[in-house]
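Student: I have a structure on my screen and I would like to learn how to read it. Can you take me through some of its features?

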Amino acid sequence: MALIEWTRDLSVEIDALDDQHRQLVDIVNQYDDAIRRELEPRQINEILNDLIGYTQEHFGYEENLLAEAGYPGIRHHQDLHRQFLQKIERFQFDFVQGDAKVLQEIREYLKYWLISHIVMDDNDYIKPLKHDSQTTV
């Protein structure tokens, strides 16, 4: 069973963003599968690298859309993104330094943060983006 199941509750009703969110869910589920199967640390670290890289891409795309739409909460949203990446990078650093106990903490943080960020924070920008006729998604 996957750690996170994609449901309609996670949809922001913008196809490009939903596709990217699904990809993030897939990477988080790959991470969960890797730690449950007790893969080699190198393999787990590669998944964390993939997660960080794809998350940076997604955040950049999303923030560009928000800027184009004139979303008033963009600075706060960018701060949330930056804080998330800093936390994941810190977790990864601790793991690479030999702290295997951090793996479960990463798992729980990823599940909680991704779901709550999409459902609560990302849903705040749905109306401004959908009403911005210049936004092409």
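Predicted model: local features only at pLDDT ≥ 70, side-chain atom pairs only at ≥ 80, totals over all residues.

Student: Let us start with helices. At roughly what angle do the axes of α3 and α4 cross?

Tutor: Find helix α3, residues 74–96, and helix α4, residues 102–121. Their axes come within 10 Å and cross at roughly 170 degrees. An angle over 145 degrees counts as roughly antiparallel. So α3 and α4 are roughly antiparallel to each other.

Student: Which residues of α3 and α4 make the contact?

Tutor: On the α3 side, look for His77, Leu80, His81, Phe84, Lys87, Ile88, Phe91 and Phe95. On the α4 side, look for Val102, Leu103, Glu105, Ile106, Tyr109, Leu110, Trp113, His117 and Asp121. Sort them by class and you get 11 nonpolar, three polar and three charged residues.

Student: How are α2 and α3 placed, roughly parallel or roughly antiparallel?

Tutor: Use the angle again. The axes of α2 and α3 cross at roughly 170 degrees and come within 11 Å. That makes α2 roughly antiparallel to α3. The contact of α2 with α3 has 14 nonpolar, eight polar and three charged residues.

Student: Back to α4. Which residues of α4 are buried?

Tutor: Buried means under 20% relative accessible area. In α4 the buried residues are Val102, Leu103, Ile106, Arg107, Tyr109, Leu110, Trp113, Leu114, Ser116, His117 and Ile118. Against what do they pack? The buried residues of α4 pack against α1, α2 and α3.

Student: Now the rings. How many aromatic pairs are there?

Tutor: A pair of aromatic rings is described by the distance of the centres and the angle of the planes. Here the count comes to six aromatic pairs. Take Phe59 and Phe84 as a worked case. Their ring centres are 6.1 Å apart, with 70 degrees between the planes. Planes over 60 degrees apart count as edge-to-face, and the pair of Phe59 and Phe84 is edge-to-face.

Student: Which helices does that pair of Phe59 and Phe84 tie together?

Tutor: Phe59 lies in helix α2, and Phe84 lies in helix α3. So the pair ties together parts that are 25 residues apart in sequence.

Student: Is Phe59 buried or exposed? And Phe84, buried or exposed?

Tutor: Phe59 has 4% relative accessibility, so it counts as buried. Phe84 has 5%, so it counts as buried too.

Student: Which residues form the aromatic cluster?

Tutor: Phe59, Phe84, Phe91, Tyr109 and Trp113 form one aromatic cluster. Now look at the face of Tyr109: Lys87 lies over it, at 5.3 Å from the ring centre.

Student: What does His77 touch?

Tutor: First place it. His77 is found in helix α3. His77 counts as buried, at 2% relative accessibility. Leave aside its neighbours within four places in sequence. His77 is then in contact with Glu62, Leu66, His117, Asp121, Asp122 and Tyr125.

Student: And what does Gln92 touch?

Tutor: Gln92 also lies in helix α3. At 11% relative accessibility, Gln92 counts as buried. Not counting residues up to four places away in sequence, Gln92 touches Asn45, Leu48, Asn49 and Ile52.

Student: Where is Glu38?

Tutor: Glu38 sits in the loop between α1 and α2. Its phi is positive, about 55 degrees, and Glu38 is not a glycine. At 68% relative accessibility, Glu38 counts as exposed.

Student: How far apart are Asp50 and Tyr31, C-alpha to C-alpha?

Tutor: They are 9.8 Å apart in space and 19 residues apart in sequence. Asp50 is in helix α2. With a relative accessible area of 44%, Asp50 is partly exposed.

How values were computed. Residues numbered from 1 in each chain as written. Heavy atoms only, no water. Axes fitted to C-alpha atoms, helices over the stretch in contact; angles between N-to-C directions. Helix = DSSP H or I, 4+ residues; strand = E, 2+ residues; numbered from the N terminus. Parallel < 35°, antiparallel > 145°, perpendicular 65-115°, else oblique. Contact = heavy atoms within 4.5 Å. Nonpolar A, V, L, I, M, F, W, Y, C, P; charged D, E, K, R; others polar. Buried < 20%, exposed > 50% of the residue type's maximum accessible area, 1.4 Å probe, protein only. Phe/Tyr/Trp six-rings, centres within 6.5 Å; stacked < 30°, edge-to-face > 60°. Lys NZ or Arg CZ within 6 Å of the ring centre and 35° of its normal.
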